[in-house]
Structures are given as C-alpha cells and as structure tokens.
Amino acid sequence: MKRAGKWIPSVLLLILALVFLSPIYIMLVNSFKNRAELYTNALALPQSLNFEYYASAIDKMNFFRVLGNSLLVTILTVIFVVILSSMTAWMLVRRDTKISKWMFMAYVATMLIPFQTLMMPLMQVMDWIRTYLHLPMLNTHGGLIYMNIGFHASMAVFLYHGFIKSIPIALEEAATLDGCTKFGVFWRIVFPMLKTITITVAILDVIATWNDYLLPSLTLSDKALRTIPLSTFYFFGEFTIVWNQAMAGLTLTIIPVVIFYAFAQKYIIKGIAAGAVK
C-alpha cells in the first residue's frame, strides 16, 4: 500500500501533463496531414512526414519578415521594461515616503484592470496623439512598443520592488561614500544583484509580447508590419480554414519561445518567489 501511495502522485502528474500537452500534440501531428487524413482522424499519427504545408505556411505568412517584426518588438519591449521598471522600483523602495507608497499601490492596482476595458479609449488617445501631436503612435512598431512598455511595467515594478527590498542599503551607502553617483550606485551595485528577477521579468515579458494578438491587431494595419500572431490569424478565413497550414504556422510560431523558455526556465519560479515574498 505504501509503495502504491508513492506512485499515485506521479501517475496523476503524468496524466495532468498529458492533458496540458494534448493541444501541442494535435497541432503537431495535424501539421503533416493532408485534408483527407485530417478530417478522418485528427488524433491519429500522420501517414508520412510531409513538410509541404510548412513550406506553404512560410510562404503565405511571409514568415521571415514577420519573424523579424516579432523579434524587434519583443526585444525592444523587454529591454525598455527591464531598464525602466528596475529603476522605478529602486526609487520607490529607497524613497520611503507616502507618495512612493501610493505610487507603488497605483502600479499594483493597474495589474487588475483588464486590457479589454481600455483598448477603445487607448486607441482614441493614440489617434488623437497622431492627429494633433503628429507622433506616429498607430501603425508603427514604435507605437506598439511604447504601449507594450506601459502594459508590462506594472508587473515588472511589482516583482523588482519585492526583490530590491531584500538588498541591504548599506552596500549603496558604502558606494556613495566612495564617491559613486546615484546612477553609478544603481548600475554598478544594485542592478547586477537583480540578475535572477531580471531574467524572470524578461521571460514573462517575452512570452506575453510574443503571443500577443489583440494589441497588435488594433495598432498595426500595414501588412508589412505584422507580427507572427497576426500572420497566423489569416489562415482562418471567414468561410474556409486551411487547417494543415494553420497548424504548421502555429508550430513555427511557438518554436522560438520554446527554445528561449528551455534555456531560462530554471529562473522563473526562483525569481517570482524572491520578488513576491521578500
């Protein structure tokens, strides 16, 4: 009985893992099937590994162009979020005033606001800025990156804030006595100690930015500016859906994130726990 009791949790975890991985299995096997195979049995293995649907998906999506667009938007968003959020959180922690506390609470509160409630007013504001201030906020990667930074900053500040509180202020005071400026204290003393939480923030923002469909669909109308999620959407027509090409396109979409996640996954739980608890 004791031996059986040890196996039960493992079996349950295996079943749960298979349930979560089943959509990936369905997507992968159907990306190799022709239409007849696909409609005969969507769960069966393909009769052959036919890569023609991947070639068609790459051509139809203009894959390498949209891959470059997604990489540009994702990398710049993550860089700016990491830099600005870490500096903001550091100042909020070290300036222990009522204003800084209220500002931190405002950041936390914005995490609770659904994007769907803001998207129409946001687009109206961005259109006003474009019309009257002549700043290209819509249909540009720069405008999309700007809005991404705003939406991702709250979670990043929250995580950095908790982690920075665990850093002894004596280290910063010693650096100041040695003649280090505020800028130098942060970049030479504080920021190198934020490696774990920085990687966690980067992972979360990469996944969120890479997979985002709604904000780019509202912001980007030019076909040449599309990101990968926008391109995969066009496999799903109003009257017909090219399922095998769509599955191939979706498989290509997740490969870069899976590779990135595989190299950085060990930092996620450690970083979130450190940032939320300390």
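I looked up the largest nonpolar core first: it has 41 residues, and Y160, L194 and V201 have the most contacts inside it. I took a nonpolar core as a set of buried Ala, Val, Leu, Ile, Met, Phe, Trp, Tyr and Cys residues joined through side-chain atoms within 4.5 Å. The elements giving two or more residues to this core are α4, α6 (119-133), α7 (141-164), α9 (182-190) and α10 (195-211). Helix α7 gives the most, ten residues. Helices are DSSP runs (H or I, at least four residues), numbered from the N terminus.

The model is predicted: local features need pLDDT of at least 70, side-chain atom pairs count only at pLDDT 80 or more, and totals for chains, interfaces and linings use all residues. Residues are numbered from 1 along each chain as its sequence is written, and side-chain values use heavy atoms, without hydrogens and water.

I then listed the contacts (heavy atoms within 4.5 Å) of Y160. Beyond neighbours within four places in sequence, Y160 contacts V82, S85, S86, A89, L194, I197, T198 and V201. I also noted a second, separate core of 17 residues, including M27, M61, L67 and L252.

I next checked T77, in helix α4 (residues 63-94). T77 is buried, with a relative accessible area of 0%; buried means under 20%, exposed over 50%, partly exposed in between (1.4 Å probe, protein chains only). Not counting residues up to four places away in sequence, T77 touches I145, N148, I149, H152 and T209.

Last, I examined W7, in helix α1 (residues 2-30). W7 counts as exposed because its relative accessibility is 56%.
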